[in-house]
Amino acid sequence: MTTHEVELLAIGAGPSNLGLAVALEELAPDLADNALIIDRNPTIEWQSGLLLPWAKSQVSFLKDLVTLRNPRSRFTFLNFLRSTGRLDDFINLGQQSPYRLEISAYLNWVADSLTRVRLELGRECVGIAPSRSDSGALTGWTTTLADGSTISSRYLVLATGRDPNIPPALAALPPNRIIHSTRYRPGIAELQKQLPYRLALIGSSQSAAEVFRALREDLPDSDVAWVMRSIGPTADPSSKFTNELYYPSYVDEFFATPATGRALIRQELYKTNYSCMTPAMLQRLYTDFYRDRLDQRQDRRLITMTEITAAREEDGEVVLELTDRRTSAVTELRRDLVFLGTGFDWRPPRLVQGLANAIGLASIEVTRGYRLVIDEPAEAACYLQGINEATHGIGDSLLSVLAHRARDITLDLINHRAAMNASNGRAATHGPTTLEHLAGR
Ligand SMILES: Cc1cc2nc3c(=O)[nH]c(=O)nc-3n(C[C@H](O)[C@H](O)[C@H](O)COP(=O)(O)OP(=O)(O)OC[C@H]3O[C@@H](n4cnc5c(N)ncnc54)[C@H](O)[C@@H]3O)c2cc1C
């Protein structure tokens, strides 16, 4: 099996690590020359499971991989539009939010435009182990890929997204009966459009709403029961005021807030990003329901205030036990398939948990610069992107902060590298690099 070595390995070629690649090329070109990004998918696609033709980004096109950090960068969304001959059309459309497919195409264009950072697709990481010197000091990481080959690196950046959330009541169902929203497109591709399936959809998030809407087109003759705990689909209650808490400049303030205060802020902001949908989606869904009633169709319906309390497979079908939260009455719903719009697991992704276990960490915490806190002197470092909402705020999993986060990580890497070189007897060429040093680049 092959083994190769790079200075920095970034796992996951989604927006976070592509944004980091841009920051490395612009701010730390010598590190960029020895950096590699891998992704398990054979192509770069943004949220491929729900890359639906009508789905749009929920944030402004200006929150791309770089504009908020460096509007003069050649990697901006606007430069992508100009380079691909679509700038006039985009301006003429007059919308801030691009189609999800356009963001996906932009990510591909950025990946193709990188000149220093290397990218390898179809490379799935299955495990990460620490590398140690003879004295036991942590010197790097050995990443094992699905084909058995390994990559060793001193620096690691993990941006693999969160694991899908499968509610415990459904955990015993066979995997072929469940399609989580992250697998909507491949899942649908395996079904037969003309068959009248009996489907359950669970959850009340934007993803659940998108699945519900998509099922109308993809399986038009199916019976869909949309089950949710809440009183009904609701629009996100964001305002321009609460949106300010998604600014990259808010991360410092949030990070400095005591843990109890941070928890309170997250609770207040929860509904602005979770278990809700955009007002446009809500209007669309209601209009579809209205048309169904006009057509006297009753095979697409909502079951609200209801919890799935158990599930089993019996006589070739799925039996869901529904508990009405108002009356505690229990009923059964018999279905062929269950779609999940239940979001993501709040626990650290399995890959990160495995790495933490391998180095004996009792808890997974990062510094303000997103570096994993390691309880021992280490020449190696590991950075976590997109899973630090508890310490870095509600915007951490979104596009909103990633241009600045890429800069913060790059700055931390530059200084960590300089400190390691100095302690290995190599002369430091200058003092610590600061934001002011990077400002001109
Ligand atoms: C349906 C949906 C819509 C969204 N829309 C918006 C939006 O409009 N605006 C917004 O700001 N945010 C949105 N988000 C939030 C989203 O998390 C961010 O926009 C963004 O995708 C985060 O980027 P990321 O690179 O951290 O993770 P991801 O985009 O999730 O990318 C992770 C990458 O890691 C790869 N990977 C995972 N495991 C491995 C492994 N073991 N080995 C190798 N590669 C691996 C995956 O293939 C993937 O390419 C949306 C999320 C979803 C689910």
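Tutor: Let us start with a term: a nonpolar core is a set of buried Ala, Val, Leu, Ile, Met, Phe, Trp, Tyr and Cys residues joined through C-beta atoms within 7 Å. Please keep in mind throughout that this is a predicted model.

Student: What are the residues with the most contacts inside the largest nonpolar core?

Tutor: They are Ala10, Val22, Leu24 and Val157, and the core to which they belong has 65 residues. Apart from this core lies another one, of 31 residues, which has Leu170, Ile179, Ile202 and Ala311 among them.

Student: Which residues does alanine 10 touch, leaving aside those up to four places away in sequence?

Tutor: Alanine 10 touches Asn17, Leu20, Ala35, Ile37, Val157 and Ala159, where a contact requires C-beta atoms within 7 Å.

Student: Why is glutamine 47 called buried?

Tutor: A residue is buried if 20 or more other C-beta atoms lie within 10 Å of its own. Glutamine 47 has 20 C-beta neighbours inside 10 Å, and therefore it counts as buried. Its place is in the loop between β2 and α3 (77-83), and it has a positive phi of about 50 degrees although it is not a glycine.

Student: What makes tyrosine 370 buried or exposed?

Tutor: The cut-off for a buried residue is 20 or more other C-beta atoms within 10 Å; tyrosine 370 has 23 of them, so it is buried. Tyrosine 370 is found in the loop between α12 (350-358) and β15 (381-384), and although it is not a glycine, its phi is positive, at about 70 degrees.

Student: Which residues come nearest to the ligand?

Tutor: Of the 29 residues around the ligand, Gly12, Gly14, Gly161, Gly386 and Leu398 come nearest. Two or more residues of this shell are given by each of the elements α1 (15-27) and β2 (35-39), and the largest share, 3 residues, comes from α1.

Student: How many residues of the shell around the ligand are nonpolar, polar and charged?

Tutor: The shell divides into 11 nonpolar, 15 polar and 3 charged residues, with Gly counted among the polar ones.

Student: Where do the domains run, and what is the separation of their centres?

Tutor: Domain 1 covers 3-163 + 345-439, while domain 2 covers 168-236 + 276-340. Taken over C-alpha atoms, the centres of domain 1 and domain 2 are separated by 35 Å. The contact takes 7 residues from domain 1 and 9 residues from domain 2, and the side of domain 1 that touches domain 2 divides into 4 nonpolar, 3 polar and no charged residues.

How values were computed. Residues numbered from 1 in each chain as written. Predicted model: local features only at pLDDT ≥ 70, side-chain atom pairs only at ≥ 80, totals over all residues. Near = placed C-beta within 6 Å. Helix = DSSP H or I, 4+ residues; strand = E, 2+ residues; numbered from the N terminus. Buried ≥ 20, exposed ≤ 12 C-beta atoms within 10 Å, placed from the backbone. Contact = placed C-beta atoms within 7 Å. Domains from an automatic or database assignment.
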